[in-house]
Each structure stands twice: as C-alpha cells, then as structure tokens.
Amino acid sequence: MSKLSFNEQILQGIPNELPHIKPHDAAISHAPKRKDILSAAEKKLALRNALRYFHPKHHETLAPEFYEELNTYGRIYMHRLRPEYEMFARPIEEYPAKCQQAAAIMLMIQNNLDPAVAQHPHELITYGGNGAVFQNWAQYLLTMQYLSCITEEQTLHMYSGHPMGLFPSSKEAPRVVVTNGIMIPNYSKQDDWEKFNALGVTQYGQMTAGSYMYIGPQGIVHGTAITVLNAGRKISKAGEGLAGKLFVTSGLGGMSGAQPKAGNIAGCVTVAAEINPKAAHKRFDQGWVDEIINDIDVLVDRIKKAKSNKEVVSIAYVGNIVEVWEKLDEEKILVDLGSDQTSLHNPWAGGYYPMGLSLEESNTLMANDPEKFKTEVYRSLERQATAINKHTARGTYFFDYGNAFLLEASRAGADVMANDGINFKYPSYVQDIMGPMCFDFGFGPFRWVCTSGKDADLDFTDHVAKDVLEEILKHAPQEIQSQLNDNIQWIKQAKSNKLVVGSKARILYANAEGRMKIAQAFNQAVREEKIGPIVLGRDHHDVSGTDSPYRETSNIYDGSRFTADMAIHNVIGDSFRGATWVSIHNGGGVGWGEVINGGFGMLLDGSEDADRKLKNMLHFDVNNGIARRAWARNDIAVSAIKREMELTKDLLVTLPNPVSDSILDRL
Ligand SMILES: NC(=O)c1ccc[n+]([C@@H]2O[C@H](COP(=O)([O-])OP(=O)(O)OC[C@H]3O[C@@H](n4cnc5c(N)ncnc54)[C@H](O)[C@@H]3O)[C@@H](O)[C@H]2O)c1
C-alpha cells in the first residue's frame, strides 16, 4: 500500500482498510488504568458502541482487540487508528480545508494532541490526568475529515468527542459547537464519569482540552504570576511591592511547578517544598526553579540571606511542606505569603504525602493499608494547619489555591474554620484575589494563537498588545491601573520567559476594552498582511465562562454560586455573536459535577465580518459575567458595569438595590 500524504490521510477519515496495530510506546507518558467499572453486559454495550464507527467487515477483527483494550486500560482508545503522521500544529495553509475557520480548528486540535504539549497523547488526554480532546482515535479521524470538507454554510456538532455530523447553518453561525460531559444533573458523580466514559458516550473535557484551546504551561505560569502579584499587593501596606518578601508553598508538579517561575516574575523569594526529588529536579532542569536544597538548616540560612539581600530567587526544598512550616515557625522567620498546591483534590492516591513518612513508605502504605494511610494524611494536615495558624498569627497572609487544602484540613479536624462554623478561616484565591481584583473588573485570561506558526508574528502581536494596553493605561481609572501595568510588564517579558510550547500562543489578562482593542488591532494587521490569521480564545477560568462555587464564583455571596446560568448564557450568547466555535463542559479544574464551564474560539481573518463579530462577541463575553457579579452585589462589579453602560449605548443591566441591615435585623 502506497504511503498517503498528510492531506490524503486527513481526507480519508476512518480508513477503509484497517491500519497496522500500533505497538505500545513506553517512551511517552500514558494515562493510568481506569476503573474497571462495567458489568459484563455493559462491556458488550461499550464494544457495540465502539464498533459502530466501523464497517461490519472489520468487526470480527476489532471486537476482541477493543475488548482487550477495555480490560487492560479500562477504556477503548482504538490505538490501531492513531495516525502515523506527526501530531503538531501546522501552519494554517497546510490543512486541507474548504474554509479557513475549519483549518484553524484543525490546527488547534492537533496542538492539543501534540506529544510536546499533551500529558498522555496516545490516550488523547491533554492535561489534568483526564482532560480529553476525544474519547478514541476514530472520533479524531472522523472530526478531521468533517473539518476538511465543512463549508461556511455548515456547523459541526461535537458530543463529548463524538462528531454527530455536519448540519446546514449559515456563515454567521459557529463552525463547531462542542459539549463535553453534559449530563442529566443526577448522573454527575465521579463514578458516573467512570461508567459513561467507559461506555464511550461521554468524556471529561477539562477546560481547554475538549475545547481545543490549551496552550501549554504558559497559561498557568501567567495565572499564578498574576495571583502572586495581587496577593503581594494585598500585603504591601505602603505599595512597597514584594522585594525581600517570602512566599512559602508546596508542590512542583504539573501545575504547581509554575509557582517558582511565577514567584520570580512577581519579584519575591519563593520556597516550594516538594517531597518527590524527581519532580523537583525536573523543574530545576527546565529552569523553572533556581536552586535545590535538601537540608532544612541550609534552607533556613539561604532564606535569611535571600530576604536580607532582597534577592529574586526561587528555591525547591526536597522534603515535606509540614517540615518547612514548622521549622520557619521555630526560627521565627516571617513568611509574608503562604499557600499550598499539593494535590488535595486527590488525597488518598498520591496527591498528598504525610509528614513523617518517606515518599516510598507512603506509596507502600497507601496500597497496602489505605485506612492507616488516611489517618496519617489527616494527622499531617492537622500539623500543617497548626503551624500555618502560628504563622498567620504573626502576620502571614495565607490563601487556599483551589487545591482543596482547607476542605481536607477541615475534614481532618484541623483548626481552619471561621467563627461562624460555616466558612473557612482563610480565603480562597478567588474570594480574596482573583475575584475582587480581576474578575469583577472583567480582567481574565485572554489568549491568541498565530496560525502562521511564525515567531515573527508572535513578536509582532506582543508589540501590538503592549502598545494597546499602554494606550488604555493613559486614560484608565485608577482602580484598574495595576492590572494593566502587570500585564504590560508580562507582555514585555513574555518572549524572554520562553514559555511557548506547541503553537505560537500568547496569554495575558485584559478587560473587555483591552480584549476588544487588541483583537481589532490584530484583525487590521491581518487585513494589511503584516501577519497571518489569528485565533482568539481564553481559558474557561474567567469572568463569565465558569460557574464553580468553590473556585471561579466563590466570591458570589447571594446564594447563586450554586447555579450555572451564567456559563450557559455565555456559550449561547457567544455563539450567535460571532464565535467560530463554542464549548460548554461539565467538570474542569475541580471535578465532574462541581462546575460548568464554557469558552469560545474566534478566527480573525482580516475581514470586516471579523471586525463586527469580535466587538459584539468579546463585549458580551466579558460583560455577561460582570453583570452577574454586580447583581450578586459585588461593589466593584457594580461600578464596572455602570461604567460600561455609560460607554455602551445599547447596554442596560439590572442593578441591585441595597437593603439596610437594620430592617432585616428587626425581623
Ligand atoms: N487554582 C488554580 O488555578 C489551580 C491551578 C492549578 C492547580 N490547582 C490545584 O493544585 C493542585 C496541584 O496541581 P498539580 O497539577 O501541580 O498536581 P501534581 O500532583 O502534579 O503536583 C503536586 C505535587 O505536590 C507534591 N506533594 C504532595 N504532598 C506533599 C507534601 N506533603 N510536601 C511536599 N510536597 C508534596 C507531590 O509530590 C506533587 O509533585 C491540584 O489540587 C490542582 O487542582 C489549582
């Protein structure tokens, strides 16, 4: 059989003749074996579901093969169907497509599956352990084929990785509509995901995995840097900044590994404890942490020196975080900022290592005696919280970083509850930092991808974005100037931070005005052929995209944080205002059933249509969330939306009336 070109392979979709079986590649990271949750009858259903992608002449061959995959991995990935071409984001003109929008989406899909970008690329997992782009390779092949023939008069509907098909629509409609993991609410528990994902009828799309918008580690470094900078702002009484201040945290894993790099960008002394030497050395070898220390006394001396010299330095301490909190308390060293990023959303299977046990001892204990291991975890969390409480009593500002530290510590019986017995003693990073300092103003993780694949285009867009933000800064109200300044600083350093992996992408935080003006300037540059087409997007972790009561919407205090209307309105609203694709997911960040999150992608092709669409859609994409935050009585959001109403003729938002406490107290 002659070897087909890349284009030919895309155009053929699921091949008529089965390709050769692909050997298991031990050199790359693979997803862990998933729970064996299906009954014998359900396994037959899973096979029937998988085989419906193939002509019956192949069923005899594929049925036992898929059955073995299901038993070995807990899922049917259809490894044999994995394409033989290299997986990476190609320049947009290299995709066989009838419209540029479809080519842009193909580029973004391939980026999410690029082995340099994706966590478990052969299982189609982009990040977060289970954040899937597709459930299996047949879905990938079919989707790419549909995208290669879709016209501007059609829309592709994606049901949790499955391409349901191309439906007639219009030029104004999104080219692709994505849903991931959307369940009847009662069927949204962890084991429901295991079961229905194993059956092949749904998937966990995380936030940017199943929406084709992941851009590698840059996003998390930027978000962490913004958080540390704003936390610093909270504790800088006289605006002295973070020089010489100490930030103590834990974890140098997948996302927590961004903390030292973010600490350096924010300009403080960062100490991140990491129990696993391999994780610490990986971050050191990548240049994400400056120094590694194995001895606690050496660490204490190094901290004292770094603080007094006001060094900007990040240090990995190979050991347990509890030891660090206790030792620094004993030495009476002031920790200015404190947090934790052990994986406490997953405490019993390696997310948290208890004090007093080595890494190996913990790994053995969690497998051999899970109950004893649980006791050890709780004992350790209690000790950790006690030490942190001593620090906060002396002035440390401690915040929960969305990793369930306070939740698990409270379950361990640690002293972390506020006096009301309902809330925690310490805020989450969204309650105190991200919510009131960013989201309520409309600042959130705006991003773009240069589809030419050229570094020169990325440099050009960096300059354009910087110029636009500097121009906005000249007339900006005082309360948003620091956010603008942080992002101007970030974009100036962005190239030298060398965080681009995969597609030529950039992130920054901007409000509606910033996002719209940057996008307009990009579209004009595309029109003038200074750069190739640009894909705009954002993380779902944003002002309007995500309803998540313990994270993105944790600073909503009118009771509505357990509703998900905002995210649903966002995706519907974006879809008819000009998005090229839209997505809405159950799960993402904090778990299946705990959050609804949505996002968009938009191609800027230099056209006047794109100009109109970007203004209309980006304006709604941000102000929907500000309006909701204002209705929840968040003061900052009330002022932000009032200001927006003055600027925008057709915007009319319902505002809350204040109620006097004394009236309610008399009842
Ligand atoms: N708020 C956010 O935006 C945000 C972003 C990223 C991650 N998170 C949360 O942060 C957590 C960490 O994410 P990750 O991707 O880095 O996970 P990860 O599992 O890759 O990394 C956690 C690291 O902590 C280390 N560790 C565990 N217990 C320890 C202890 N007692 N002392 C020292 N080190 C210890 C582990 O060895 C591991 O390397 C997760 O719960 C995640 O959901 C939140």
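L124 sits in the loop between helix 4 (100-113) and strand 1 (125-127). Its phi is positive, about 65°, although L124 is not a glycine.

Two notes on the source. This is a predicted model, in which local features need pLDDT of at least 70 and side-chain atom pairs count only at pLDDT 80 or more, while totals for chains, interfaces and linings use all residues. Residues are numbered from 1 along each chain as its sequence is written. As for helices (H or I, at least four residues) and strands (E, at least two), they are DSSP runs numbered from the N terminus.

A404 is another residue other than glycine with a positive phi, near 70°. The loop that holds A404 runs between strand 11 (397-398) and helix 15 (405-411). A404 counts as buried because it has 24 C-beta neighbours inside 10 Å.

Next, the domains. The chain is divided into domain 1 (6-198), domain 2 (218-434) and domain 3 (442-543 + 598-661), with bounds that come from an automatic or database domain assignment. The centres of domain 1 and domain 3, taken over C-alpha atoms, are 31 Å apart. In the interface, 15 residues of domain 1 are in contact with 13 residues of domain 3, where contact means C-beta atoms, placed from the backbone, within 7 Å. On the domain 1 side, the residues that touch domain 3 divide into 10 nonpolar, three polar and two charged. Here Ala, Val, Leu, Ile, Met, Phe, Trp, Tyr, Cys and Pro count as nonpolar, Asp, Glu, Lys and Arg as charged, and the others, Gly among them, as polar.

Six strands form it in the order 8-9-7-6-10-11, with parallel pairing; two strands pair if DSSP finds at least two bridges between them. Which strands stand at the edges? Strand 8 and strand 11 do, each with a single partner strand, so one side of each has no neighbour in the sheet. Strand 11 pairs with strand 10 (residues 337-338) over two bridges, in the parallel sense. One of the residues there is G338, whose bridge partner in strand 11 is F398.

Helix 9 lies across strand 7, strand 8 and strand 9 (313-318), and runs at about 160° to strand 9. For that angle, axes are lines fitted to C-alpha atoms, for helices over the stretch in contact, and angles run from 0 to 180 degrees between N-to-C directions. Helix 11 (residues 321-330) has I321, V322, V324, W325, E326 and L328 buried. Their cover includes strand 6 (246-250), strand 7, strand 9 and helix 14 (370-393). After helix 11 comes K332, with a positive phi near 55°.

W288 belongs to the loop between helix 9 (277-285) and strand 8 (291-293). W288 is buried because 22 other C-beta atoms lie within 10 Å. Beyond its neighbours within four places in sequence, W288 is in contact with G257, P260, K261 and R283.

What surrounds the ligand? There are 28 residues around it, the closest being G253, G254, M255, S256 and G402; the cut-off is a C-beta atom, placed from the backbone, within 6 Å. Helix 7 (218-235) and strand 7 (269-274) are the elements that give two or more residues to this shell. By type, the shell holds 12 nonpolar, 15 polar and one charged residue.

Last, two antiparallel pairs. Strand 3 (residues 154-159) and strand 4 (residues 162-168) are joined by six bridges, and L156 has L166 as its bridge partner in strand 4. The two strands form a hairpin with two residues between them, and S160 in the turn has a positive phi of about 50°.

Strand 12 (residues 444-450) and strand 13 run antiparallel, joined by seven bridges. W448 has R506 as its bridge partner in strand 13. In strand 13 (residues 504-510), seven of seven residues are buried.

Note on methods: A residue is buried if 20 or more other C-beta atoms lie within 10 Å of its own, exposed if 12 or fewer, and partly exposed in between; C-beta atoms are placed from the backbone. Two residues are in contact if their C-beta atoms, placed from the backbone, lie within 7 Å.
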